[in-house]
Amino acid sequence: MYLSISSGATEIVLSGTSPVRGCTYFPGTAQQQRGEWQPVTETAEVNLSGTAAAIRSTENSLNALFLLAAQRAATGVGERVFVNYKPVDGDSVAYRSEITEGRVVWSTNPGLRRLGDTSPFVQWAVIWTRAYWWEGALAEVSLSANGQAAATGGRTIYNNPANGNWVQMAAAQVAGVLPTPAMIEMTNTAGASKNLRKLFFSLNAYSDPANLTHFLQGEARLTGGSTATDASHSGGQALSFVLSNTTTAFAWTLTAANLQRTRGRRAHILARFAGTSGALYVTPQIRNSAGVVLWAGDEISIGPLLYEAWKDLGILPLPPGGYDDAYRSHLLALVFRGTGVGDLDVLQLSPLDSYRYLEMPVPGVAVANNAAAVHDGIEGRTYVLEGSTRTALPTSFGGPLMLQPGVLQRIYTLWQIHAGATAGVGDAPIADTASVRLYYRPRRLTV
């Protein structure tokens, strides 16, 4: 057996490093209450023999680590403290579980707590509370992408759902038995530095990722408006419309095949506007095939001026009738009102098996060519990585992106930049590319 408590460069081995002579430890089993896994409190019985100074030093080091753990649990910042365990000392991987508090309790047997002898023998109960999970070594996930076979080392995506803004992992790629946070490394390969403003991540694990069509082209609306043609539009076209203090609705078909894949699940709807001007507002709706409104979301402002921007139109159910695998086709409607003009390019239906959104204020954070924006859900941090230098990004919204074990899944990614006064360059250029790498630690309940 191998057992230690560690934080950063500090590690206290409880299974045999002097003055520790050995210990007895059996991992506790996590329990659920009202469907939520609970932290585990457990004890290692540790035997020590050596000088009084060495024993006291080991105790002080353990208590210092437990103080770090309590501070991290209370504030959410600072070093993380882990218990590391291998059932067999020769195992290649030690699993770890994060500690939130701990203490050292000396034996109540007078013969096992004396420090006056030359080489005293003492016994402790080292008690800690840890997370309900154990996680293994960091591993890179082999990813495929649009037209690219599975591999590690990075897969290319585009800032356009129609051109391939996703990476996919096979079912066997995510081991373990529990959802686990991902570390996503997105390297700028657009050929120039970009001022990153927004970053969207969406994970699809349970809406048939390999077959779901997750986007709708603006020009594919059923009726109304006109079609604008431009090479900067997704597919070369967009829906163009003019409003003069009027209300106008456009609708797109949600096919029966797609609804049978989503089965009543929910999705964020992200819209790329190739340009708008004036005061415009939009309300998303779900309608049946006869046009009857079944669900309506909140009205969203999309004015007064946007040039190539991604806009979050809220969360919608697909469709609103709950789980079922035999839905017929429905309609997604966008009801616009106000005065102005707009070009609606493409809509992305972003599944919510896990969702992450990062936003930086104008002018954004510079990401040089070949530098990476990193969302590290494992350690709870986001930053720009250039060489070995990290530049912190603001706190993101939505919690860590959680990979699901043992299922095929996809991650969709979109981003928005701040182009400033650069002529002819918008804030959501569809030709921009990035290379995505993905890392995780497999999680399990027992070791």
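Which strands are included in what covers the buried residues of α1? Among them are β1 (2-7), β2 (10-13), β6 (40-49), β8 (95-106) and β9 (121-130). The model is predicted, so local features need pLDDT of at least 70 and side-chain atom pairs count only at pLDDT 80 or more, while totals for chains, interfaces and linings use all residues. Residues are numbered from 1 along each chain as its sequence is written, and side-chain values use heavy atoms, with hydrogens and water left out.

**Helix α1**

Helices (H or I, at least four residues) and strands (E, at least two) are DSSP runs, numbered from the N terminus. Helix α1 spans residues 52-75 and comprises 24 residues. From its first C-alpha to its last, α1 reaches 35 Å, close to the 34 Å expected at 1.5 Å a residue; the expected span is 1.5 Å times one less than the number of residues. The buried residues of α1 are A52, I55, T58, E59, L62, L65, F66, A69 and R72. Buried denotes under 20% relative accessible area, exposed over 50%, and partly exposed in between (1.4 Å probe, protein chains only). After α1 comes G76, whose phi is positive, near 80 degrees.

Q404 is located in the loop between β32 (402-403) and β33 (409-417). Its relative accessibility is 11%, and Q404 therefore counts as buried. Leaving aside neighbours within four places in sequence, Q404 is in contact (heavy atoms within 4.5 Å) with V174, P179, L203, A205, Y206 and Q409. The side chains of Q404 and Y206 are joined by a polar contact of 3.3 Å. A polar contact is a pair of N or O atoms within 3.5 Å; within protein, one must be able to donate a hydrogen and the other to accept it, and residues adjacent in sequence count only if both atoms are side-chain atoms. The C-alpha atoms of Q404 and L445 are separated by 15 Å, the two residues being 41 residues apart along the chain.

R443 belongs to strand β35 (residues 443-444) and is buried, with a relative accessible area of 9%. Not counting residues up to four places away in sequence, R443 touches several residues, including W133, W134, E135, P179 and M402. A polar contact of 3.3 Å joins the side chains of R443 and E135.

**Salt bridges**

Side chains of opposite charge can pair when their charged atoms come close. A salt bridge is a side-chain nitrogen of Lys or Arg within 4 Å of a carboxyl oxygen of Asp or Glu. By this rule the count comes to 14 salt bridges.

| Pair | N to O distance |
|---|---|
| E135 and R443 | 3.3 Å |
| D353 and R265 | 2.4 Å |
| D376 and R381 | 3.3 Å |

The side chains of E135 and R443 meet in a salt bridge. This pair links distant parts of the chain, with E135 in strand β10 (residues 134-135) and R443 in strand β35, 308 residues apart. Both E135 and R443 are buried.

The side chains of D353 and R265 also meet in a salt bridge. D353 lies in the loop between β26 (330-351) and β27 (354-359) and R265 in the loop between α2 (256-262) and β21 (266-288), so the pair ties together parts that are 88 residues apart in sequence. D353 counts as buried at 16% relative accessibility, whereas R265 counts as partly exposed at 32%.

In the pair of R381 and D376, R381 is partly exposed, with a relative accessible area of 38%, and D376 counts as buried at 3% relative accessibility. A network of salt bridges links R80, R96, E98, E135, E379 and R443.
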